[in-house]
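Have a look at the structure, try each task, and then read on.

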Amino acid sequence: VRRGEVFGFLGPNGAGKTTAIAMILRLVAPDAGRVEILGHDVGHDAETALKQVGAIVETPAFYPYLSGLDNLRVFALARGGVSEGRIAEVLALVGLRGRERDRFSTYSLGMKQRLGIAGALLGRPDLLILDEPTNGLDPAGIIEIRQLIRRLADGGQTIVLCSHLLGEVQQVCD
């Protein structure tokens, strides 16, 4: 996958796409083979390799009693610190400005997906892995996320887009 490319990872439900992503992210240990991210072998130096990666895998999980903003603050702490300005920036990027103080438990499925993408973008990753990022979004939200993905790629970010929807992959991937 080349820098600045939106790479489509396509297959039917149950084909193993999410499992493959989990292996790339070292959430699941592979039985064989190796994964290299931006020149770093994930099996030998996962910390360095994965520091450059942002991802959402399946449905993002957050604290239901915290606001979207406070959930991102927790993510920021886990990443070793991210500025409040960056948090505000990613909230705006995904279209959650004005709803960031609402409790996560009140978010629609689409809003939860958007917050997951915001969390994946916090650390300005070189590689963004998105597993079904438009899941739960209405048609307007799907278009907005497609446009966001293209803008990120046009800015040099590399994106792996996992989907079971051929039409979705055709519309956004290189």
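**Exercise 1.** Find the element that gives the largest share of the lining of the second largest pocket.

*Solution.* Step one: helix H1 gives that share, with three residues. Helices (H or I, at least four residues) and strands (E, at least two) are DSSP runs, numbered from the N terminus. A pocket, on a 1 Å grid over the protein atoms alone, is an open set of points where a 1.4 Å probe fits, with protein on both sides within 12 Å along at least five of seven lines, and lining residues have an atom within 4 Å of a point.

Step two: the space in the second largest pocket is about 310 Å³, a volume being the space filled by probe spheres set on the points. Its lining has 17 residues, and Val1, Ile24, Glu36, Leu127 and Val160 are the closest to its centre.

Step three: by type, the lining splits into twelve nonpolar, one polar and four charged residues. Here Ala, Val, Leu, Ile, Met, Phe, Trp, Tyr, Cys and Pro count as nonpolar, Asp, Glu, Lys and Arg as charged, and the others, Gly among them, as polar.

A note on the basis: this is a predicted model, where local features need pLDDT of at least 70, side-chain atom pairs count only at pLDDT 80 or more, and totals for chains, interfaces and linings use all residues. Residues are numbered from 1 along each chain as its sequence is written, and side-chain values use heavy atoms, with hydrogens and water left out.

**Exercise 2.** Describe the largest pocket and its lining.

*Solution.* Start with volume: about 560 Å³. Next, among the 18 lining residues, Val53, Gly54, Ala55, Phe75 and Arg79 lie nearest the centre. Finally, strand E4 contributes the most, four residues, and the lining as a whole holds 13 nonpolar, three polar and two charged residues.

**Exercise 3.** Where in the chain do Arg3 and Asp126 lie?

*Solution.* First, the two form a salt bridge with closest N and O atoms 3.9 Å apart; the term means a side-chain nitrogen of Lys or Arg within 4 Å of a carboxyl oxygen of Asp or Glu. Then place them: Arg3 is in the segment before E1 and Asp126 in the loop between H5 and E5, 123 residues apart. Lastly, Arg3 is exposed at 56% relative accessibility, whereas Asp126 is partly exposed at 28% (buried is under 20% relative accessible area, exposed over 50%, partly exposed in between; 1.4 Å probe, protein chains only).
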